[in-house]
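Dear colleague,

I am handing over a structure that I would like you to look at. Please find it directly below, with my notes after it.

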Amino acid sequence: MENITDNTFKKYIPVFTAICCLTSIILFIGINLEENLDTWDVYKKWGAPSVTDIFNGDYWGIITSNFLHTEYGTLPSTCIGFGYLEERLSLKPKRHFISS
C-alpha cells in the first residue's frame, strides 16, 4: 500500500514578508531616533537618497527607499503590501482543496 501525505493544510511561514517587515521596522525605529529629519543626509544614511542622488548613480535607492518610513500609518500598509507581493510572486505555495 502506498503512503500518501496530504499537505493541503500544511502551515506556511511567509519568510519573504517576515524579512521585509522586520527590515522596515528596524529602519523605522532607527530613522525615528535621529534628531533632525529635515535633511537628505539622514534619509540617505538610512537608505533613501534624493532623486538627484539616484540620477547621479545611487541606484540602490530605488529598492531600499521602499523599506524606509517615518510615519506610523505607512509601516503597516507596507507590511501588508509585502505580503500581497509575496502571494502574487507565487512564493507562497498554492492550496488545492479539490484533488483530481
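The notes that follow go from the whole chain to its helices, its core and its cysteines.

This is a predicted model, in which local features need pLDDT of at least 70 and side-chain atom pairs count only at pLDDT 80 or more, while totals for chains, interfaces and linings use all residues. Residues are numbered from 1 along each chain as its sequence is written, and side-chain values use heavy atoms, with hydrogens and water left out.

The protein chain has five helices and zero strands, where helices (H or I, at least four residues) and strands (E, at least two) are DSSP runs numbered from the N terminus, and the order of its elements is α-α-α-α-α. Of its 100 residues, 25% count as buried; here buried means under 20% relative accessible area, exposed over 50% and partly exposed in between, with a 1.4 Å probe and protein chains only. The accessible surface comes to about 7900 Å², of which 62% belongs to carbon and sulfur atoms, the areas being computed by the Shrake-Rupley method with a 1.4 Å probe, and for residues only the protein chains shown count as cover. Among contacts (heavy atoms within 4.5 Å) with a separation of 6 or more, 55% are between residues 24 or more positions apart.

Helix α1 (15–32) has 18 residues and reaches 26 Å from its first C-alpha to its last, close to the 26 Å expected at 1.5 Å a residue; the expected span is 1.5 Å times one less than the number of residues. Its buried residues are T17, C20, C21, S24, L27, F28, G30 and I31, and what covers them includes α2 (40–45) and α5. One of these, S24, has a relative accessible area of 0% and, leaving aside its neighbours within four places in sequence, is in contact with F67, L75, T78 and F82.

Helix α5 (residues 74–88) has 15 residues and spans 21 Å from first to last C-alpha, close to the 21 Å expected at 1.5 Å a residue. In α5, L75, T78, C79, F82 and E86 are buried. Seen down the axis of α5, these buried residues fall within an arc of 100 degrees, so they line one face of the helix; the arc is that of the directions from the helix axis to the C-beta atoms. On the other side of α5, I80, Y84 and R88 are exposed, while the cover of its buried residues includes α1.

The largest nonpolar core is made up of ten residues, C20, C21, L27, I31, V42, A48, F67, L68, C79 and F82, a nonpolar core being a set of buried Ala, Val, Leu, Ile, Met, Phe, Trp, Tyr and Cys residues joined through side-chain atoms within 4.5 Å. Both α1 and α5 supply at least two residues of this core, and α1 gives the most, with four. A48, which belongs to this core, touches W40, Y43, W60, S65 and L68, not counting residues up to four places away in sequence.

Finally, the structure holds zero disulfides, a disulfide being a pair of cysteine sulfur atoms within 2.5 Å. The sulfur of C20 is 6.9 Å from the closest cysteine sulfur, in C21, which is too far for a bond. C20 counts as buried at 7% relative accessibility, and C21 counts as buried at 12%.

With best regards
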